[in-house]
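Subject: Structure for your review

Hello,

Here is the structure I said I would pass on. My notes follow below it.

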Amino acid sequence: MKAFQATLPLTLDFEVGAIRRMGEKVAPFGKKAFLMIDPFLQGSDLVAQVTASFVERGIAFIECYDIVPNPRHTMIDRAVEQVRDAGCDVVVAVGGGSAIDSAKAVAFVAVHGGSCWDYTERLGEAVTRPQSRGLPLLVVPTTSGTGTEATPFAVINNPELGLKCAIVNPFIYPDVALIDPQILVSKPPKLTALTAVDTFCHALEAYISIHCTPWVEMVALEAIRLFAANALQCVKHGDDLEARGRMAFASTLGGMAIASAGVTVSHALGQPLGAMTDAPHGGTVAASTPYVIGWTLPVCADKFARVAGILDPSTLSLSEGERSQRLPGILKSLFATLGVTDTFRGYGLRVDQIDEFAQTVWTSFNQDLACHPKKINSKEEVAEIIRMCC
């Protein structure tokens with residue numbers, strides 16, 4: 001068996017209705033919380049439950065709703081100043097990937113100083129990599145997609161540079177991730193579909209990564225199985241609490257998988273496209289994944305065949321090669337059934353921008369490209385794949 005290590009230095013707390021006990025969870029970590037919340041939740045019953053539980057436990061708090069999709073480095077730096085000025089000793093995030101990634105960065109930088117952009121991984125650039133934790137951090141994901149509650153990553157957008165890069169540090173994990181399926185039932189179908197696709201792509205990319213281990217394979221395949229069995233049900237019947245719970249678990253498993261194995265080409269393309277156009281992340285990876293698989297074959301055919309069999313059991317009678325060849329079409333059809341038919345061109349990427357875009361991918365997401373099972377040797381090859389996705 002291949003040698004491997006697996007580390008998950010946080011507490012995962014799955015429970016329907018657990019949000020009402022948020023104060024109980026936060027109390028051991030601090031007395032004044034910086035509460036980072038997706039702005040669409042402002043005034044909601046969910047926020048009222050959280051703040052009421054804080055009051056009950058005597059926890060002071062400051063609410064921050066200054067969060068946008070593809071979180072900006074400037075916003076994070078402003079939040080760090082607020083944390084320091086107010087003397088907050090714990091950070092809490094309630095929301096999707098943008099809120100949680102922002103909170104991870106805020107908690108980290110509030111202790112170690114400087115600008116959050118200095119902490120992001122950029123090829124050939126000086127990077128600040130502290131070797132100790134930031135402020136205590138507790139997170140409550142309100143979507144089933146990013147899996148960021150279980151990763152050592154925080155993705156940050158720098159519109160001035162046209163870059164979207166990540167802090168990658170084992171000390172940035174949350175202390176506690178509270179996953180409450182009850183708060184997912186109100187999510188609209190389109191958001192549910194986009195985040196479900198992101199979950200699938202995390203699992204698939206970790207599974208095919210050159211860094212995949214027996215641990216990652218187990219976790220990733222279970223995430224794929226849960227996606228196959230529950231994604232469409234969540235889109236069509238969002239009030240199905242059991243299906244929502246299983247997709248929430250799939251999302252966390254996907255995060256655990258990429259925490260150990262990383263992501264590959266689809267995310268290397270999707271992240272910077274989101275920075276350029278503010279496109280939803282799930283849409284960008286959906287637009288690229290079938291074409292990336294087609295470009296990769298016949299490399300990794302055994303794994304692609306296994307995934308095809310999970311998503312479409314009718315293919316199990318086919319040979320391994322035939323099943324792997326079917327996977328791009330299976331995914332296009334499945335994504336369309338979920339309501340996700342995105343393309344790079346549809347998000348505004350022009351043909352005359354492809355070479356410059358490929359250069360950004362090649363220089364800023366080289367570590368993701370390096371995880372792919374088929375080696376990419378130049379930015380010209382990156383450009384070739386981008387053209388397929390348009």
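Which residues does Phe304 touch, not counting residues up to four places away in sequence? With contact taken as heavy atoms within 4.5 Å, Phe304 touches Leu204, Ile208, Ile293, Thr296, Leu297, Val299, Ser324 and Leu327.

This is a predicted model, in which local features need pLDDT of at least 70 and side-chain atom pairs count only at pLDDT 80 or more, while totals for chains, interfaces and linings use all residues. Residues are numbered from 1 along each chain as its sequence is written, and side-chain values use heavy atoms, leaving out hydrogens and water.

Phe304 is also among the residues with the most contacts inside the largest nonpolar core, which has 51 residues. Such a core is a set of buried Ala, Val, Leu, Ile, Met, Phe, Trp, Tyr and Cys residues joined through side-chain atoms within 4.5 Å; buried means under 20% relative accessible area (1.4 Å probe, protein chains only). Elements giving two or more residues to this core include α5 (189–208), α10 (301–311) and α11 (320–338). Helices here are DSSP runs of H or I, at least four residues, numbered from the N terminus. A second, separate core of 39 residues includes Val83, Val109, Ile167 and Ala177.

The loop between α9 and α10 holds Pro298 and Cys300. The Leu297 to Pro298 peptide bond is cis, with omega near 10°. Cys300, not a glycine, has a positive phi of about 65°, and is buried at 14% relative accessibility. Most residues other than glycine have a negative phi, and most peptide bonds are trans.

Regards

Definitions and conventions
Buried < 20%, exposed > 50% of the residue type's maximum accessible area, 1.4 Å probe, protein only.
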